[in-house]
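Please look over the sequence and the structure shown here before reading on.

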Amino acid sequence: AIDILSVLIKTGITKSRGEGRRLVEQGGISADDVKVTDFTKAFTQADLKEKAVIIKKGKKIFHKIEA
């Protein structure tokens with residue numbers, strides 16, 4: 001499993017876990033068009049193998065993650 005903060009850092013959306021935590025808490029991150037409000041959210045390998053997950057920061061920045 002990989003948590004949302006690690007995903008944000010690995011994709012380059014944020015530079016630090018603190019910045020990622022603030023973004024999540026302020027409602028700036030969504031996964032598959034669902035707002036992520038808990039920074040402890042994690043994706044399992046099964047989630048990522050089933051289908052790719054689209055991570056969005058705001059309205060314009062999109063990243064697709066898959067296993």
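**Thr 14 and its surroundings**

When its neighbours within four places in sequence are left aside, Thr 14 is in contact (heavy atoms within 4.5 Å) with Leu 8, Ile 9, Glu 19, Gly 20 and Leu 23. The model is a predicted one, in which local features need pLDDT of at least 70 and side-chain atom pairs count only at pLDDT 80 or more, while totals for chains, interfaces and linings use all residues. Residues are numbered from 1 along each chain as its sequence is written, and side-chain values use heavy atoms, with hydrogens and water left out.

- Thr 14 lies in the loop between H1 and H2, where helices (H or I, at least four residues) and strands (E, at least two) are DSSP runs numbered from the N terminus.
- With a relative accessibility of 3%, Thr 14 counts as buried, a term that stands for under 20% relative accessible area, whereas exposed stands for over 50% and partly exposed for values in between (1.4 Å probe, protein chains only).
- The side chain of Thr 14 also reaches the backbone oxygen of Ser 16, at 3.5 Å.

**Helix H2**

- Gly 20, Leu 23 and Val 24 are buried in helix H2, which covers residues 17-25.
- These residues cover an arc of only 95° around the axis, which puts them on the same side of H2; the arc is that of the directions from the helix axis to the C-beta atoms.
- The buried residues of H2 pack against helix H1 (4-10), E2 and E5.
- After H2 comes Gly 27, whose phi is positive, near 80°.

**The sheet**

- Four strands form an open sheet in the order E3-E2-E5-E6, with antiparallel pairing, and two strands are said to pair if DSSP finds at least two bridges between them.
- E3 and strand E6 (61-65) stand at the edges, each with a single partner strand, so one side of each is left without a neighbour in the sheet.
- E2 pairs with strand E5 (residues 53-57) in the antiparallel sense over three bridges, and Ser 30 stands opposite Lys 56 in E5.

**The loop between E2 and E3**

- Most residues other than glycine have a negative phi.
- Asp 32, although it is not a glycine, has a positive phi of about 55°, and this residue is found in the loop between strand E2 (29-31) and strand E3 (34-35).
- Asp 33, which is also placed in the loop between E2 and E3, has a positive phi as well, near 65°.
- Asp 32 is partly exposed, with a relative accessible area of 29%, whereas Asp 33 counts as exposed at 61% relative accessibility.

**The protein as a whole**

- The protein has three helices and six strands, and from the N terminus on its elements run β-α-α-β-β-β-α-β-β.
- The radius of gyration, taken over C-alpha atoms, is 11 Å, close to the 11 Å that the globule rule (2.2 Å times the number of residues to the power 0.38) gives for 67 residues, so the protein is as compact as a globular protein of that length.
- Along its principal axes the C-alpha trace spans about 30 × 20 × 20 Å.
- Buried residues make up 33% of the 67 residues, and among contacts between residues at least 6 apart in sequence, 40% join residues at least 24 apart.

Methods: Polar contact = N/O pair within 3.5 Å; in protein donor to acceptor, adjacent residues only side chain to side chain.
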